[in-house]
Amino acid sequence: MNEHIIKEGRKLACISYLPIFGTLIAYFLNADRKNQFTNFHIRQALGIWIFYFICGISVSNIDSAMLRLCLWVFFGTLLLYGFIMAYTGKYQTVPVIGPLFQKWFSNIGK
């Protein structure tokens, strides 16, 4: 990928990993530019947040502090991993579920 595209989209790609509003802000600010690098990371961040909310709803029905802690650590790690990949300018998906997010949200950025 072109280094110019990565450099231009790095800031919005990093913003997309901030709490859910960061993903929305990055999406709308990138709507005119259509930077491929930013779109890649918006799809990753959106997938992580949606997956977090689905798992959070499931875990909320179970009264277990340890399970909630594990959920927070797991998703915190995924978000940190994605943020680091965006900051360093890499097109690396999050482990296991990242390729699914790219497939499911492929219409973002078109």
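This is a predicted model: local features need pLDDT of at least 70, side-chain atom pairs count only at pLDDT 80 or more; totals for chains, interfaces and linings use all residues.

Mentor: Residues are numbered from 1 along each chain as its sequence is written, and side-chain values use heavy atoms, with hydrogens and water left out.

Trainee: Why is Leu 24 called partly exposed?

Mentor: Buried means under 20% relative accessible area and exposed over 50%, with partly exposed in between (1.4 Å probe, protein chains only). Leu 24 has 41% relative accessibility, so Leu 24 counts as partly exposed. Leu 24 lies in helix 2 (residues 20-29), where a helix is a DSSP run of H or I with at least four residues, numbered from the N terminus.

Trainee: How do you know that the buried residues of helix 2 line one face?

Mentor: Those buried residues are Gly 22, Thr 23 and Ala 26. Seen down the axis of helix 2, they fall within an arc of 100° (taken from the directions from the axis to the C-beta atoms), so they line one face of the helix. On the other side of helix 2, Phe 21 and Phe 28 are exposed.

Trainee: What covers the buried residues of helix 2?

Mentor: The cover includes helix 1 (3-15) and helix 3 (36-60). The buried residues of helix 4, among them Leu 71 and Phe 75, likewise pack against helix 1 and helix 3.

Notes: Helices (H or I, at least four residues) and strands (E, at least two) are DSSP runs, numbered from the N terminus. Contact means heavy atoms within 4.5 Å.
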